[in-house]
Amino acid sequence: MSDLEKYDGIVIGTGQGGKPLAADLARAGWRMAIVEREHVGGSCVNVGCTPTKTMVASARVAYLARRGSEYGVVTGPITVDQAAVRARKRAIVESFRSGSRRGLEKIDRLDLIMGEASFRSSRQIEVRLQDGGKRRLEAEKIFVNTGATPTIPDLPGLRDVAFLDSTSVMEVETVPEHLLVLGGGYIGLEFGQMFRRFGSRVTIVQRAHQLLHREDEDVAEQVRQILEEDGIEVLLDSEAVAVKAAAPGVIVTIRTPGGERRIQATDLLVAVGRTPNTKALRLEAAGISPDRRGFVPVNERLETDVPGIYALGDVVGGPAFTHISYDDYRVLKAIHLGGADASTAGRLVPYTVFIDPQLGRVGWSEREARQRGQSYRLVQMPMTHVARALEMDETRGFMKVLIAPESGRILGAAILGIEGGEIMSMLQIAMMGDLPYTALRDGVFAHPTLAESLNNLFMRVDD
């Protein structure tokens, strides 16, 4: 092992928060080290946003091709070359990953160290290098950005069979004949619909009484109807209780409201959540106590209980979205370079679920407003009333917005529809600018666009 190497700051993990933070601190004159266990870019570039949305795009092309006759276009039989889909995904990931790494390696005063880090004390870490060696690093400031990985539930028989998670499912070479998905959250739904469009028979098993359990019931119910319209079997209030190998695939025993069922599937996807990458960190050596799930607790300034140690991104257990991790970086940059009293308090948390049609969400849901005792006015409109959606023959879903009765400000929105994430973002901008709904009701938007649907939506407020 080499001698102790001293830095001004150490970042553990090259995710969407840690990478730009290390770069900016180095450019500001700090001597920095950034440690990466496997691939530069974090979950988003390597196993999350970039590869999944690349594959979602392929699945949508297959979906539209099969619908060609509805648009007067004759396409003939549609088949999917899963190996080609995978190759396209791999190429884009490699492009992003290698570009990120080259960018880090060009920065003066920043050392990229490939290996797995663990704490020796609150100021020191040890890195087990990919080449087999070890290095010891010390810094006054340490930033933990180690992200999360798929959760493997304690399900009898699961570890005795071949199963897929959100990473390995993107590496299948052929389209599964029957994909059984455990989990009705964002990840399970995106992959379930994707592989249905590739040609798989798909069954989704959800423990809760609705899909997307954090969403309003009417939104979740509409999503269920869309998925079932696509030919996906959805089992709610249902729980897998055992798994065993079968030829081919697996047999999963599921407890349902109608009794116990045994479903044989060729492939099993486990999508029941994410577990923080903290086990190897030896947090106790730094004096940090993780929560019961292993996440690193932080305050609004992303400080842990140990002075000088910060955490950002998915590892803190907050909303697991790339843009939130990036905002964590902006908070820490402002604190350490700008002298600002920045924090995560009160920030909007927008997100898009990339099912098709998309679900864009920002602000309070109706359920949250009721729980907080917040009065609101509700305005809704089906996508069948959106001219652009009719022209595109993409009329599934609806718009739902909560408005403050006195000020007319937008409290929250759920947009389930074609390009729902983009429409949601327009509403978020209005919220950021503290605009009343009337500004959108009376705004002049280009015709024919999805944006102009906001005119008609908000005209309904006083109906």
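Predicted model: local features only at pLDDT ≥ 70, side-chain atom pairs only at ≥ 80, totals over all residues.
Visitor: Why is Ser365 called buried?

Guide: Its relative accessibility is 4%, and buried means under 20%, so Ser365 counts as buried. Ser365 sits in the loop between β17 (358-363) and α9 (366-371).

Visitor: Which residues is Ser365 in contact with, leaving aside its neighbours within four places in sequence?

Guide: Asp216 and Leu402. Contact here means heavy atoms within 4.5 Å.

Visitor: What makes helix α1 largely enclosed by the rest of the structure?

Guide: Helix α1 covers residues 18-27, and eight of those ten residues are buried, so the helix is largely enclosed. The buried ones are Gly18, Pro20, Leu21, Ala22, Ala23, Asp24, Leu25 and Ala26. Their cover includes strands β1 (5-12), β2 (32-36), β3 (110-119) and β5 (134-144), together with helix α8 (322-338). After α1 comes Gly29, with a positive phi near 110 degrees.

Visitor: How many aromatic pairs does the structure hold?

Guide: Six. One of them joins Phe143 and Tyr310.

Visitor: Why is the pair of Phe143 and Tyr310 called stacked?

Guide: The ring centres are 5.3 Å apart, with 20 degrees between the planes. Centres within 6.5 Å make a pair, and planes under 30 degrees apart count as stacked, so the term applies. Phe143 belongs to strand β5 and Tyr310 to strand β15 (residues 309-311), so the pair ties together parts 167 residues apart in sequence.

Visitor: How do you know whether Phe143 and Tyr310 are buried or exposed?

Guide: Phe143 has 0% relative accessibility and counts as buried. Tyr310, at 6%, counts as buried too. The cut-off for buried is under 20%.

Visitor: What makes the pair of Phe195 and Phe198 edge-to-face?

Guide: Their planes stand at 85 degrees and their centres lie 5.5 Å apart. An angle over 60 degrees counts as edge-to-face, so this pair takes that name. Phe195 and Phe198 are three residues apart in helix α5 (residues 186-198), which means about one helical turn separates them. Both are buried.

Visitor: Which residues form one aromatic cluster?

Guide: Tyr186, Phe321 and Tyr351.

Visitor: How do you know that Arg31 lies over the face of Tyr7?

Guide: Arg31 is placed at 4.1 Å from the ring centre of Tyr7. The distance limit is 6 Å, and the charge must also be within 35 degrees of the ring normal. Arg197 likewise lies over the face of Tyr63, at 3.6 Å from the ring centre.

Methods: Residues numbered from 1 in each chain as written. Heavy atoms only, no water. Helix = DSSP H or I, 4+ residues; strand = E, 2+ residues; numbered from the N terminus. Buried < 20%, exposed > 50% of the residue type's maximum accessible area, 1.4 Å probe, protein only.
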